[in-house]
Amino acid sequence: MQHASDSEILAFPAPRDAAGKIRRVTTAAAIHERLHADIVSLRIPPGTALQEKRIAEDFGVSRTPVREALLRLSEGGLVDIYPQSGTVVSRVPVSAIPEAVVVRKALEGTTVETAAGIATEADIARLDVIIARQKTYAALGDASSFHEEDEVFHEAIAQIAGYPGIWTILKTVKVQIDRARRLTLPVLGRMDNVVHEHMVIRNAIAAHDVEAAREAMIHHLGAVIPDVAELRSQFPDYFC
């Protein structure tokens, strides 16, 4: 197989921005994005060994951009690199989740307060469309698509508030929460609970009730803590 150069743009499905426009990225960045998505979604579960040679062959590139991508994943806490031994997908650090929740509550408390103060009818309609899609995916039991719409819902609130950069920051902060939540969504009734919580947030924003919007968001974000305690006992190999 012919290898792409380390800076060449690869031909596999192009990454897109929030508006759906294709983004041009380097080979290493594209590999990082693909592996990042697979690890966070648990398509590559904790404890899985990652082989540079195999990844390079799968992508049709040299090992240099693969090594760069793995280093970035290590910096983000998603893989553990052991010199002379190899690279393994990291377990979810339970100790990191409470702090990440605190950060989310602080920042998303701000975005939802601001959104509640300035949201237009068009903004509420946008949230309604997202929630409608979530209801559909919940009915279908499609946890992966449901999670994607969950992301869209929270990002939309940040955008309505005029703080899209906050969501960019949070995507890095909450990565371990996201991995844990992928295990909670298939639990019977959990997706329906999330839809209900989103409706409470949506209604508070529509009513321009700043205090209620913040309280609803804080309650929603805090639900992950007891979930993780239960998950750790169910999936001991996934957590540390």
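Two strands count as paired if DSSP finds at least two bridges between them. Helices (H or I, at least four residues) and strands (E, at least two) are DSSP runs, numbered from the N terminus. The model is predicted: local features need pLDDT of at least 70, side-chain atom pairs count only at pLDDT 80 or more, and totals for chains, interfaces and linings use all residues. Residues are numbered from 1 along each chain as its sequence is written, and side-chain values use heavy atoms, with hydrogens and water left out.

An open sheet of three strands runs in the order β1-β3-β2, with antiparallel pairing. Its edge strands are β1 (49-50) and β2, each pairing on one side only. Strands β2 (residues 79-82) and β3 (residues 86-89) are joined by four bridges. V79 has V89 of β3 as its bridge partner. D80 stands opposite V88 in β3. The two strands β2 and β3 form a hairpin, with three residues between them. In the turn, Q84 has a positive phi of about 70°.

Strand β1 also contributes to a pocket lining. A pocket is an open set of points on a 1 Å grid over the protein atoms alone, where a 1.4 Å probe fits, with protein on both sides within 12 Å along at least five of seven lines; lining residues have an atom within 4 Å of a point. Helix α1 (27-40), β1 and helix α2 (52-59) each supply at least two residues of its lining. The most come from α2, with four residues. Lining residues include R34, A49 and F59.
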